[in-house]
Amino acid sequence: MDFSKFKIKLSRRSLLGLFSLTALSALKPARAFGVPDFRKDKNIPAHYLQNRDTPGFFIRSANPFLGVDMNNWGLSVGGMVETPKAYAYEDLFGFKMRVQVSRLKCVECWSAKAEWEGFRFEEFVDRVKPDPKAKYVYFQSADSYYESYLLEELLRPRVLMALRMNGAPLKPEHGFPLRLIAPFKYGYKNVKYITSIRFLDSRKRNYWANNGPYSVDGTIQPGIDHPLDAGKNPYPINGGEVFHPFDKRL
Ligand SMILES: Nc1nc2c(c(=O)[nH]1)N[C@H]1C(S)=C(S)[C@@H](COP(=O)(O)O)O[C@H]1N2
Ligand SMILES: [Mo]
C-alpha cells in the first residue's frame with residue numbers, strides 16, 4: 001500500500017500508530033483478566049515472558065504476558081483487615097530486608113537454587129492488622145495467576161516476599177517486582193508478579209488446582225515426584241500431591 005498521498009494529513013507519528021493498530025488486531029489474543037491470553041497459542045511472540053528452559057533457572061509463566069508495567073504497578077494489601085494499605089515499589093524497601101539461599105522445586109521435576117532477598121510476610125500483618133477470622137490469604141498477579149495460602153503458612157520461617165534474586169532486582173521473567181518464596185511448597189505456589197494480597201475467612205482455590213491436576217495445598221511431600229513429561233498422565237504421588245484430599249473438600 002502506498003501511504004505517500006497521506007503524507008500531508010498524517011504525521012509520521014500517526015502513521016506509526018496506524019501500523020501498530022493493524023499489527024495488534026492481527027495478533028489479538030483472547031483476554032483473561034484484561035491481559036492477552038496465550039495459553040492455547042503456539043506462536044507466542046518472543047518478547048513475551050513465557051516458559052523457557054533457561055540454563056541455571058527455568059522460567060514458568062502459565063499465561064505469557066509482557067511483564068509488569070511499573071507505571072501502573074502498585075501493591076494493594078486488604079480484605080478483612082483493619083487498615084488496608086497500598087504500596088509503591090520503593091515503599092517495600094522500607095521493610096527489614098533478609099537474605100536467604102533456597103531452592104525452588106517445580107512439579108515438573110526440575111529445581112533450582114538462588115539467593116533471594118526480601119522481607120517477611122509479618123511486615124504486612126503488623127501494618128494491616130487482619131481480622132482474627134481471616135485465616136487465609138489470596139494473592140493475585142499481573143498475569144492473571146492467583147494463589148491461596150493459610151496465613152499460618154506465610155508466617156513460617158524462610159517464607160520471603162522477594163524483591164531481589166542473586167544480588168539484583170528480580171528479572172521480569174522471575175517475578176519482578178515482587179514474588180513469594182515458600183521453600184516448602186512446590187514452585188507453582190511461589191507466585192510471581194504480585195499485585196494484590198487479601199486476607200479472607202475462607203479458602204480460595206489457586207490457578208493450578210483450577211487449570212491442572214495440582215493441589216491447592218502444594219506442600220512438597222517426601223516420596224515419588226510427579227514428572228509432568230512422563231506420559232503426561234497425572235498420577236497420585238506418595239503424600240497425595242496430585243490428588244490432594246484438601247481439594248475434595250472444596
Ligand atoms: N504469577 C505467576 N507466578 C508463577 C507462575 C506463573 O505462571 N505466574 N508459575 C509458577 C510455577 S509453575 C513455577 S515452577 C515457578 C517458576 O518460577 P521461575 O519462573 O522464576 O522459575 O513460578 C510459579 N509462579
Ligand atoms: Mo512449576
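## Backbone features

Pro177 lies in the loop that runs between strand 10 (168-169) and strand 11 (179-181); helices (H or I, at least four residues) and strands (E, at least two) are DSSP runs, numbered from the N terminus. The peptide bond joining Phe176 and Pro177 is cis, with omega at about 10°. Another loop, between helix 3 (122-128) and strand 7 (136-141), holds Lys129. Lys129 is not a glycine, yet its phi is positive, at about 55°.

The model is predicted: local features need pLDDT of at least 70 and side-chain atom pairs pLDDT 80 or more, while totals for chains, interfaces and linings use all residues. Residues are numbered from 1 along each chain as written, chains are lettered from A and ligands numbered from 1 in the order written, and side-chain values use heavy atoms, without hydrogens and water.

## Surroundings of ligand 1

Ligand 1 is surrounded by 22 residues, a residue being near if one of its heavy atoms lies within 4 Å. The closest are Phe58, Ala62, Asp143, His174 and Lys192. By class, this shell has 12 nonpolar, five polar and five charged residues. Here Ala, Val, Leu, Ile, Met, Phe, Trp, Tyr, Cys and Pro count as nonpolar, Asp, Glu, Lys and Arg as charged, and the others, Gly among them, as polar.

A polar side-chain atom of Lys192 is 2.5 Å from an oxygen atom of ligand 1, and a backbone N or O atom of Ala62 is 2.7 Å from an oxygen atom of the ligand. The side chain of Ser141 has an N or O atom 3.3 Å from a nitrogen atom of ligand 1. Such polar contacts are pairs of N or O atoms within 3.5 Å.

## The largest pocket

Ligand 1 sits in the largest pocket, as more than half of its atoms lie within 2 Å of the grid points. A pocket is an open set of points on a 1 Å grid over the protein atoms alone, where a 1.4 Å probe fits, with protein on both sides within 12 Å along at least five of seven lines; lining residues have an atom within 4 Å of a point.

The lining comprises 35 residues, with Asn51, Arg60, Ser61, Ala62 and Trp208 nearest the centre.

How values were computed:
A polar contact is a pair of N or O atoms within 3.5 Å; within protein, one must be able to donate a hydrogen and the other to accept it, and residues adjacent in sequence count only if both atoms are side-chain atoms.
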